[in-house]
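Please read these notes with the model open beside you. Each point takes up one part of the chain.

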Amino acid sequence: MAAKARAREGQAPISTPPSPPPPWALTRGLSIGRFSWRARIGPHGDPPTNSGARAGAGRDSARHRQVAPGTAGTAERWAAAEAERSADSRWASVSARAAASCATLPRPAMRPRTLAALGLLLLLLLVLPPPGETAKKETPCKRCRELVDKFNQGMVDTAKKNFGGGNTAWEEKTLSKYEFSEVRLLEIMESLCDSSDFDCHRMLEEHEERLEAWWLRLKKEHPDLFEWFCVKTLEVCCLPGTYGPDCLECQGGSQRPCSGNGDCRGDGSRQGDGSCQCHVGYQGAACTDCADGYFSSLRNETHSVCTACDESCKVCSGPTDRDCGQCQEGWVREDGACVECDSTCVGCTGKGPGQCRECVPGYSKESGQCTDLDECSLAEKVCVRENENCYNTPGSFVCVCPEGFEETDVACVPTQPAADQVTADPTQAPPREDL
């Protein structure tokens with residue numbers, strides 16, 4: 001009516017601005033595909049539906065619009081969602097008007113220095129790799145496993161929930177039980193990816209329909225989501241104990257890879273060669289043999305256990321120093337046991353400095369045992385520089401200049417006093433300038 005009145009008065013009619021897009025359209029990129037609560041709220045506050053699953057399963061969408069007395073909780077929730085959408089629409093309208101106002105303001109001309117800085121920034125953006133490229137990217141198997149782990153955690157977190165309405169019994173009877181409902185699936189999937197995890201969002205967007213199909217139709221037949229999704233469907237992982245493109249068994253078998261004594265290269269992935277990286281004390285293709293310094297304490301058809309030898313043994317058949325097959329270097333067998341040679345010995349026939357075959361440098365045999373040699377008392381000087389002092393130490397010696405002398409390559413020379421410490425000769429006449 002107001003527009004017609006303005007037309008009769010010769011004034012241009014006021015054009016009605018177009019309605020802002022619904023909030024689910026604005027937030028589409030931030031939601032998880034079709035599984036956005038706002039995107040699934042109908043224009044009249046309808047409960048959430050799923051067009052893809054509804055078409056595939058032949059479900060009647062009209063049953064989702066049934067509202068029975070006593071379902072105040074559900075109705076209030078849908079009403080709150082509608083109010084939130086209206087508030088978002090008003091906010092989007094205000095933002096659009098503010099942007100239009102800013103667009104009409106004059107723009108200051110760029111200074112040459114600003115242009116140069118902008119050019120440098122663009123160059124850096126072209127040359128430098130994105131932040132995510134600097135770190136090692138996760139393998140497809142790891143990303144898939146993390147997604148499945150979060151999905152399983154979401155199932156645990158929602159296990160004791162329900163629709164939350166005032167008449168839960170009616171809701172579960174009419175809308176299907178919450179345990180198997182699309183509402184629960186939506187809550188799980190919306191918590192799978194962090195807001196900044198681009199790879200997770202991309203993977204979820206790409207395989208969303210597969211996860212929905214598993215939830216609605218295949219979960220009972222394939223209860224292990226990791227095996228169904230990551231191993232059999234996407235083929236980016238293998239089951240534990242297998243490796244490589246064809247998921248072959250690791251060395252030692254898939255039940256106990258590497259006999260439980262090592263790590264299978266590529267275990268659980270489509271990579272690696274299946275070889276074993278043995279733990280400390282084990283060796284061999286399947287990590288069933290004992291390394292030097294270890295002995296087999298248990299071995300049967302399924303298990304092989306290696307235990308450390310006594311420190312005196314290089315190889316052994318048991319845990320004590322009497323079980324040594326060969327003594328470690330610096331040890332010698334005496335009375336059936338490996339005993340440690342004295343530190344002054346080079347080889348020995350028993351324990352103690354009196355059992356040395358030879359003495360280490362700096363020691364000599366006196367009365368049948370290795371004793372320290374006093375090099376400073378020898379007839380031939382060991383400290384050959386002039387004014388140098390010799391001091392004996394256990395097994396060696398040191399040469400030091402005495403106090404008041406400093407060291408040179410050929411001698412110890414008296415230290416020269418500093419210029420400000422020189423004492424004037426009282427018999428010498430003072431300089432002319434001091435007179």
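1. Contact here means heavy atoms within 4.5 Å. Keep that cut-off in mind for the whole chain. Take contacts between residues at least 6 apart in sequence: 36% of them join residues at least 24 apart. Note also that this is a predicted model.

2. Start with the overall make-up. The protein chain has 11 helices and 20 strands. Of its 435 residues, 29% are buried. Its accessible surface is about 28,700 Å². Carbon and sulfur atoms account for 54% of that surface.

3. Next, find the largest nonpolar core. How many residues does it have? The count is 24. L147, F151, L192, L225 and F229 have the most contacts inside this core. Four helices each supply at least two of the core's residues: α7 (140-157), α9 (182-189), α10 (198-218) and α11 (225-233). There is also a second, separate core, with 9 residues. Its members include C250, C258, C264 and C290.

4. Look at F229 on its own. Set aside residues up to four places away in sequence. F229 then touches C144, L147, V148, M203, H207, R210, L211 and L234.

5. Now turn to α9. Is this helix largely enclosed or largely open? It is largely enclosed by the rest of the structure, because 7 of its 8 residues are buried. The buried ones are E182, V183, R184, L185, L186, I188 and M189. Buried means under 20% relative accessible area.

6. See how α9 packs on α10. Their axes come within 11 Å and cross at roughly 145 degrees. The crossing is right-handed. On the α9 side, the residues that meet α10 are E182, R184, L185, I188 and M189. Their partners in α10 are L204, E208, L211, E212, W215 and L216. L211 is also touched by F229.

7. Follow α11 from end to end. D224 caps its N-terminal end. A side-chain oxygen of D224 lies 3.1 Å from the backbone nitrogen of F226. Within the helix, L225, F226, W228, F229, C230 and V231 are buried. The cover over the buried residues of α11 includes α7 and α10. Just after α11 comes E235, with a positive phi of about 55 degrees. E235 sits in the loop between α11 and β1 (242-243).

8. Most residues other than glycine have a negative phi. S259 has a phi near 60 degrees, a positive value in a residue other than glycine. S259 is in the loop between β2 (248-249) and β3 (262-264). With a relative accessible area of 10%, S259 is buried.

9. Move on to S304. This residue is in strand β8 (residues 304-308). Its relative accessibility is 4%, so S304 counts as buried. Which residue's backbone oxygen lies 2.7 Å from a polar atom of the S304 side chain? That residue is T288. S304 and T288 are 16 residues apart along the chain, and their C-alpha atoms are separated by 5.6 Å. Leaving out residues up to four places away in sequence, S304 touches N261, Y282, T288, L298 and R299.

10. Compare the setting of T344. T344 lies in the loop between β12 (337-340) and β13 (345-348). T344 is buried, at a relative accessible area of 7%. A polar contact of 2.7 Å joins its side chain to that of D342. Beyond its neighbours within four places in sequence, T344 is in contact with P353, C356, E358, C359, V360, Y363 and C370.

11. Finish with C412. C412 belongs to strand β20 (residues 412-414). Buried or exposed? C412 counts as buried, because its relative accessibility is 1%. Not counting residues up to four places away in sequence, C412 touches E386, N387, E388, C401, P402, F405 and E406. P402 and C412 are 10 residues apart along the chain. Their C-alpha atoms are separated by 7.9 Å.

Note on methods. Residues are numbered from 1 along each chain as its sequence is written. This is a predicted model: local features need pLDDT of at least 70, side-chain atom pairs count only at pLDDT 80 or more; totals for chains, interfaces and linings use all residues. Side-chain values use heavy atoms; hydrogens and water are left out. A nonpolar core is a set of buried Ala, Val, Leu, Ile, Met, Phe, Trp, Tyr and Cys residues joined through side-chain atoms within 4.5 Å. Buried means under 20% relative accessible area, exposed over 50%, partly exposed in between (1.4 Å probe, protein chains only). Accessible areas come from the Shrake-Rupley method with a 1.4 Å probe; for residues, only the protein chains shown count as cover. A polar contact is a pair of N or O atoms within 3.5 Å; within protein, one must be able to donate a hydrogen and the other to accept it, and residues adjacent in sequence count only if both atoms are side-chain atoms. Axes are lines fitted to C-alpha atoms, for helices over the stretch in contact, and angles run from 0 to 180 degrees between N-to-C directions. A crossing is left-handed if the near helix is turned anticlockwise from the far one by less than a right angle, and right-handed if clockwise.
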